[in-house]
Amino acid sequence: MIRILVDSSTDFTMAEVKEKNLYHVPLTISLNGKDYLSGEDLTSDQFYELLTTGEDFPKTSQPSPQAFAEIFEKAKENGEEIICVLLSSALSGTCQSAHLAKNMVDYDGIYIVDSLTATIMTRVIVDYGLQLIAQGKSAPDVVDALENIKGKVKVAAGIDTLEYLYRGGRLNKAAATIGELANLKPVISVTEEGAVSVIGKCIGKNKSLQFILKTLNSKDLNPVFPLYTVYAYGSENTEKLEEKLAAEGYTVDARLQLGSTIGAHVGPGAFGIIYVEK
């Protein structure tokens, strides 16, 4: 039997984890003096409520090697093969923990895929892997397919406020203040190396919405895969984006919520699209 293991940065709910028969390893979120297991004892909505009402900026800690090793030992005993699809190594040491655990357990039935991305993009990769497993593909064949597709899963997301980039140390105070005064709305993506980058600096929300739509129009989309819109805490901005997408003839498969791993930096009003290129 082949099962997929994910960390909590994929933003699957615990109900989805159970429904899809996934192994789940949570990252730890430290916020306002308390530690939470992301996705397990802190939902995304609860996270944003704490983020917007507290003064502290959350700190994310990768899972320990032992957290992976416990699952790997169980798989070894049961003769299961596990494909781990994990948060980008450019953003976290989660993959490193998994590799250390694999060495500890000494079991060849463990495969580790560095998604080089995060949040709903990783979900797209995982769902594709589940489809291949259901078709009877072997674990090495599934891993090869995931390695091939992962660089084609893309995001373009607008940031509604610079406050959380500043609070998280991604912007200095002067740049954040000037940006807010200028009504700057950056659009971000994830590079092929798995890091977050700014792909557009737009003045005003309407310009950022248009930039995201223009980005999508410039791509050769793979129709086999879903087109998702994403939101952080409020969906008003995403609803406006969906109106523009519908006017251009795009069909959105679902609107999904960004969790704490990315949400801490983009803030509650973030909005965007996730798509797969040919």
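Helices (H or I, at least four residues) and strands (E, at least two) are DSSP runs, numbered from the N terminus. With those labels in hand, a tour of the structure can begin with its open spaces. The model is predicted, so local features need pLDDT of at least 70 and side-chain atom pairs count only at pLDDT 80 or more, while totals for chains, interfaces and linings use all residues. Residues are numbered from 1 along each chain as its sequence is written, and side-chain values use heavy atoms, with hydrogens and water left out.

A pocket is defined on a 1 Å grid over the protein atoms alone, as an open set of points with protein on both sides within 12 Å along at least five of seven lines; a cavity is a set of points where a 1.4 Å probe fits but cannot get out, and lining residues have an atom within 4 Å of a point. Grid points are joined across faces, edges and corners, and a volume is the space filled by probe spheres set on the points. The largest pocket holds about 580 Å³ of space. Its lining is made of 30 residues, of which Leu-165, Arg-170, Ile-188, Val-196 and His-265 are the closest to the centre. Two or more lining residues come from each of strand S5 (59–61), helix H8 (173–181), strand S9 (184–190), strand S10 (196–203) and helix H11 (260–266). Helix H11 gives the largest share of this lining, with six residues. For the classes, Ala, Val, Leu, Ile, Met, Phe, Trp, Tyr, Cys and Pro count as nonpolar, Asp, Glu, Lys and Arg as charged, and the others, Gly among them, as polar. On that basis the lining of the largest pocket has 18 nonpolar, nine polar and three charged residues.

One residue of this lining is worth a brief visit. Val-196 lies in strand S10 and is partly exposed, at 36% relative accessibility; buried means under 20% relative accessible area, exposed over 50%, and partly exposed in between (1.4 Å probe, protein chains only). Leaving aside residues up to four places away in sequence, Val-196 touches Leu-91, Ile-188 and Ser-189, where contact means heavy atoms within 4.5 Å. Val-196 and Ala-90 are 106 residues apart in sequence, yet their C-alpha atoms are 8.9 Å apart in space.

The second largest pocket has a volume of about 300 Å³. Among its 17 lining residues, Asp-11, Phe-12, Thr-13, Ser-44 and Gln-257 are the closest to the centre. Helix H1 (14–19), helix H2 (44–53) and strand S12 (254–257) are the elements that give two or more residues to this lining. Its classes divide into five nonpolar, nine polar and three charged residues.

The search of the whole structure finds one cavity of 30 Å³ or more, and the volume of the largest cavity is about 130 Å³. Of its 13 lining residues, Met-121, Val-155, Ile-188, Val-190 and Ile-262 are the closest to the centre. At least two lining residues come from each of H5, strand S8 (153–158), S9 and H11, and S9 supplies the largest share, three residues. Eleven of the lining residues are nonpolar, two are polar and none is charged.

In soluble globular proteins, nonpolar side chains tend to be buried together. A nonpolar core is a set of buried Ala, Val, Leu, Ile, Met, Phe, Trp, Tyr and Cys residues joined through side-chain atoms within 4.5 Å. The largest such core has 53 residues, and those with the most contacts inside it are Phe-47, Ile-83, Val-85 and Ile-274. Ile-274 touches residues beyond four places away in sequence, including Ile-120, Met-121, Val-153, Pro-226 and Tyr-228. A second, separate core has 18 residues, among them Ala-69, Phe-72, Cys-84 and Leu-86.

Strand S6 (residues 81–86) is largely enclosed by the rest of the structure, because five of its six residues are buried. Strands pair if DSSP finds at least two bridges between them. Strand S1 (residues 2–7) runs parallel to S6 and is joined to it by five bridges, with Arg-3 opposite Ile-82. Five bridges also join S6 to strand S7 (residues 110–114), again in parallel, and here Ile-83 stands opposite Tyr-111.

Most residues other than glycine have a negative phi. Asn-32 has a positive phi of about 55 degrees; this residue sits in the loop between strand S3 (28–31) and strand S4 (34–37) and is partly exposed, with a relative accessible area of 33%. Thr-119 has a positive phi of about 45 degrees. Thr-119 belongs to helix H5 (residues 119–134) and is buried, at a relative accessible area of 3%.
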